[in-house]
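Welcome, and thanks for taking a look with me. Let's go through this one in questions and answers.

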Amino acid sequence: MKILVAVKRVIDYNVQIRVKEDGTGVVTDNVKMSTNPPDDNAVEEAVKIKEAGKAKEIVAVTVGEDKAQETVRKALAVGADRGIHVKVEGTIEPLAVSKVLQKIVDKEKPDLVFMGKQAIDDDCNQTGQMLAALLNWPQATFASKIEVKDKSLEVTREVDEGLETIEVNIPAIVTCDLRLNEPRYASLPNIMKAKKKPIEQINASDLGVDTGQRIQQIKVEEPPKRKAGIKVANVEELVQKLKNEAKVI
Ligand code: AMP
């Protein structure tokens, strides 16, 4: 079995996001970038499946500018076998990413595509679903447990009511939740070894995919500042304020 894992380079989740003064976006210059967190879970799960002898090859793919290759290198350092970097300049929207991934799937013919449930920069939660639609493959989104069966996967999903378990036939798209597993750290020797693993470079334009933007971003602004809290002397005062001022009880 072959698993394709999609990894996106985003602003590191620990970074305090700053909005550009002209409101055209967020500051990315000299800001720490990392792999989108649920994509690390997707890579980890693929590696675990390979370690269990149920997959032969893991291919990590990213779509983005030159520096996006770092995310592929990181995936190679924790167990992916080879990488693909589809080069585009500037922002790329989920629909264009899914069309690019569709071409990569046509070329690589994986049995499974693992992705993150959502990218923390655009919070779109769209790419996996659109890729499934383009390929006409079954999809299991928000996976918090994956069991590989003979020709299918049993996937547990976190939904509002609790946990839902579904079975999807392979080939399938799975989008991974943060609770799926604990991604491992890359050891120094594995980081060194990963430098020798191949990364194929492809220009998005050579795939015949129109990566032009369809969404016009009108304005980006900071969320309103939270008002400072107050201290109350005792429970009676708290109850009285909740009743009479906040009017929530
Ligand atoms: P989104 O639909 O933007 O929330 O992204 C969902 C998932 O799609 C991410 O967690 C990634 O696995 C994948 N993805 C989105 N954009 C890219 C990209 N530029 N390169 C590789 N994978 C991506």
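A residue counts as buried when its relative accessible area is under 20%, and as exposed when that value is over 50%. Please keep in mind that the model is predicted.

Q: Is Ala42 buried or exposed?
A: Ala42 sits in helix 1. Not counting residues up to four places away in sequence, Ala42 touches Val5, Phe114, Met115, Gly116 and Cys176. The relative accessibility of Ala42 is 0%, and the cut-off is under 20%, so Ala42 is buried.

Q: What distance separates the C-alpha atoms of Ala42 and Gly116?
A: Gly116 is among the residues that Ala42 touches. The two are 74 residues apart along the chain, yet the separation of their C-alpha atoms is 6.1 Å.

Q: Which residue is the bridge partner of Val59 in strand 5?
A: Strand 4 (residues 57-64) and strand 5 (residues 82-87) run parallel and are joined by 6 bridges. Val59 is also among the residues in contact with Arg82. The bridge partner of Val59 in strand 5 is Arg82.

Q: With which side chain does the side chain of Arg82 make a polar contact?
A: Arg82 lies in strand 5. Leaving aside neighbours within four places in sequence, its contacts include Lys2, Leu76, Glu108 and Pro198. The polar contact, at 2.6 Å, is with the side chain of Glu108.

Q: How much of the ligand's accessible area does the protein cover?
A: The ligand is surrounded by 18 residues, and the closest include Asp39, Val63 and Thr127. A side-chain N or O atom of Asp39 is 2.5 Å from a ligand oxygen, while a polar side-chain atom of Thr127 is 2.7 Å from an oxygen atom of the ligand. Val63 places a backbone N or O atom 2.8 Å from a ligand nitrogen. Of the 490 Å² that the ligand has on its own, the protein covers 99%.

Key: Residues are numbered from 1 along each chain as its sequence is written. This is a predicted model: local features need pLDDT of at least 70, side-chain atom pairs count only at pLDDT 80 or more; totals for chains, interfaces and linings use all residues. Side-chain values use heavy atoms; hydrogens and water are left out. Two strands pair if DSSP finds at least two bridges between them. Helices (H or I, at least four residues) and strands (E, at least two) are DSSP runs, numbered from the N terminus. A residue is near a molecule or strand if one of its heavy atoms lies within 4 Å of it. A polar contact is a pair of N or O atoms within 3.5 Å; within protein, one must be able to donate a hydrogen and the other to accept it, and residues adjacent in sequence count only if both atoms are side-chain atoms. Accessible areas come from the Shrake-Rupley method with a 1.4 Å probe; for residues, only the protein chains shown count as cover. Contact means heavy atoms within 4.5 Å. Buried means under 20% relative accessible area, exposed over 50%, partly exposed in between (1.4 Å probe, protein chains only).
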